[in-house]
Amino acid sequence: MGIEVVVEGLTKSFGRQNIWQDVSLTLPAGEVSVMLGPSGTGKTVFLKSIIGLLKPEKGRVLINGVDMVNSPEREIMETRKLFGLMFQDGALFGSMSLFDNIAFPLREHTRKSESEIRRIVMERIDIVGLLGAEGKLPGEISGGMRKRAGLARALVLDPQIILCDEPDSGLDPVRTAYLSQLLIDLNAQIDATMLIVTHNLDIAATVPDNMGMLFCRNLVTFGPREVLLTSDMPVVSQFLAGRREGPIGMSEEKDAATLAAEQTNGHGHAAGPRTVVPQLEPSPGMPVRQAALRRRERVVSMMGQLPEAARTAIMNSYTPTLDGGRR
């Protein structure tokens with residue numbers, strides 16, 4: 001099973017520019033979480049801070065008792081082996097075949113024999129649906145295939161935590177739908193903790209167990225997916241509806257005068273209640289997703305702390321199974 005990731009009071013700046021401040025959240029073990037936010041809100045910086053590639057000025061990231069911000073570098077390096085990282089562009093070596101790209105971490109970080117490496121790599125290639133393409137170069141395949149190859153490489157060291165940085169970037173809606181299903185199927189198979197950074201609303205609506213959003217140097221919210229998907233907060237409503245009217249501007253947040261003018265002109269009102277679409281289920285033949293069972297128990301136990309709209313959405317999704325059946 002995946003490992004819980006606890007983020008406490010994280011603050012990151014570059015020089016005088018504050019990226020985000022006092023971010024606290026917990027990624028539940030084995031569950032899929034998504035971090036949303038407009039472009040430029042520091043989502044990728046957040047991923048790199050979790051894995052210890054960037055050093056926030058304040059706060060902690062606790063994984064198995066190791067603080068990825070403040071622990072000795074030796075402990076951070078050892079804990080980093082628990083991670084698989086899927087980069088935005090796949091980050092493949094252009095002169096190496098897909099097989100050699102995917103095998104690279106095994107050859108660099110283990111002493112496994114070539115026959116064992118071949119077995120592991122081919123298993124991962126099969127999981128991401130690239131059998132038959134292992135001999136091709138990255139330049140000879142589509143963007144979607146490069147994404148899947150990057151995911152296969154992230155899996156070869158059997159990570160317990162998988163970080164995906166905008167896995168949908170550059171993909172058309174159909175390929176994005178395939179990728180969304182692949183991520184759910186992957187979670188069903190390996191039960192790893194997953195954090196996906198994206199601004200793709202289709203992934204956000206259908207994939208995660210939990211959702212958060214970064215905006216205006218703060219974590220707006222983080223919790224069960226239904227909380228964000230039913231939120232009436234202006235910034236959340238604007239982002240999910242893809243509207244121009246609201247706090248998010250073209251380059252940054254809008255000033256108070258602009259927002260007041262929108263209200264005066266009748267453009268500042270949030271849309272009506274949104275329908276929460278069902279979360280994706282694993283494909284036929286896949287194992288039951290254990291994270292979904294754990295998540296149901298956890299969310300039902302915290303119902304009293306959730307907003308009414310979120311409670312209603314949760315009850316609607318679980319009602320057929322709250323009598324003891326399995327979703």
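**Architecture of the predicted model**

Alanine 192 lies in the loop that runs between helix 6 (173-190) and strand 8 (193-197), where helices (H or I, at least four residues) and strands (E, at least two) are DSSP runs numbered from the N terminus. The model is a predicted one, in which local features need pLDDT of at least 70 and side-chain atom pairs count only at pLDDT 80 or more, whereas totals for chains, interfaces and linings use all residues. Residues are numbered from 1 along each chain as its sequence is written, and side-chain values use heavy atoms, with hydrogens and water left out.

With a relative accessibility of 1%, alanine 192 counts as buried; the term buried means under 20% relative accessible area, exposed means over 50%, and partly exposed lies in between (1.4 Å probe, protein chains only). When neighbours within four places in sequence are left aside, alanine 192 is in contact with Gly2, Gly30, Glu31, Pro159, Gln160, Ile162 and Asn187, contact being defined as heavy atoms within 4.5 Å. Alanine 192 and isoleucine 161 are 31 residues apart in sequence, and their C-alpha atoms are 5.5 Å apart in space.

For the protein as a whole, the secondary structure comes to 12 helices and 10 strands. Of its 327 residues, 50% count as buried, and among the contacts with a separation of 6 or more, 65% are accounted for by residues 24 or more positions apart.

Six strands form an open sheet in the order 6-7-8-3-9-10, with mixed pairing; two strands are taken to pair if DSSP finds at least two bridges between them. The edges of this sheet are strand 6 (83-86) and strand 10 (218-224), each of which pairs on one side only. From one strand to the next the twist averages 15 degrees. Axes are lines fitted to C-alpha atoms, for helices over the stretch in contact, and angles run from 0 to 180 degrees between N-to-C directions. In general, the strands of a sheet pair through backbone hydrogen bonds, either parallel or antiparallel.

Strand 3 (residues 32-36) pairs with strand 9 (residues 210-215) in the parallel sense over four bridges, and within this pair valine 34 stands opposite methionine 211 of strand 9. Helix 5 (residues 143-155) packs on the sheet, where it touches strand 6 and strand 7 (161-165), and its direction makes about 170 degrees with that of strand 6. Helix 9 (residues 234-241) also packs on the sheet, touching strand 3, strand 9 and strand 10, with a direction at about 105 degrees to that of strand 9.

Strand 7 is largely enclosed by the rest of the structure, because five of its five residues are buried. Both of its faces are covered, with Ile161, Leu163 and Asp165 buried on one side and Ile162 and Cys164 buried on the other. In a regular strand, the side chains alternate between the two faces of the sheet. Strand 7 runs parallel to strand 6, to which four bridges join it, and it pairs with strand 8 in the parallel sense over five bridges. Cysteine 164 of strand 7 stands opposite methionine 86 and also opposite isoleucine 196 in strand 8.

The axes of helix 5 and helix 6 come within 13 Å and cross at roughly 15 degrees, and the two helices are therefore roughly parallel to each other. Angles under 35 degrees count as roughly parallel, over 145 as roughly antiparallel, 65 to 115 as roughly perpendicular and the rest as oblique. The contact is made by Arg148, Leu151 and Leu155 of helix 5 together with Leu182, Leu183, Leu186 and Ile190 of helix 6. Helix 6 also holds serine 180, which is buried with a relative accessible area of 4% and which, apart from neighbours within four places in sequence, is in contact with Ile203, Val207 and Leu280.

For helix 3 (residues 98-109) and helix 4 (residues 114-127), the axes come within 10 Å and cross at roughly 125 degrees, so that these helices are oblique to each other. Their contact is made by Phe99, Ile102, Ala103, Leu106 and Arg107 of helix 3 and by Glu114, Ile117, Arg118, Ile120, Val121, Met122 and Ile125 of helix 4.

Helix 1 (residues 43-50) is mostly covered, with six of its eight residues buried, namely Lys43, Val45, Phe46, Leu47, Ser49 and Ile50. Just after helix 1, glycine 52 takes a positive phi of about 85 degrees.
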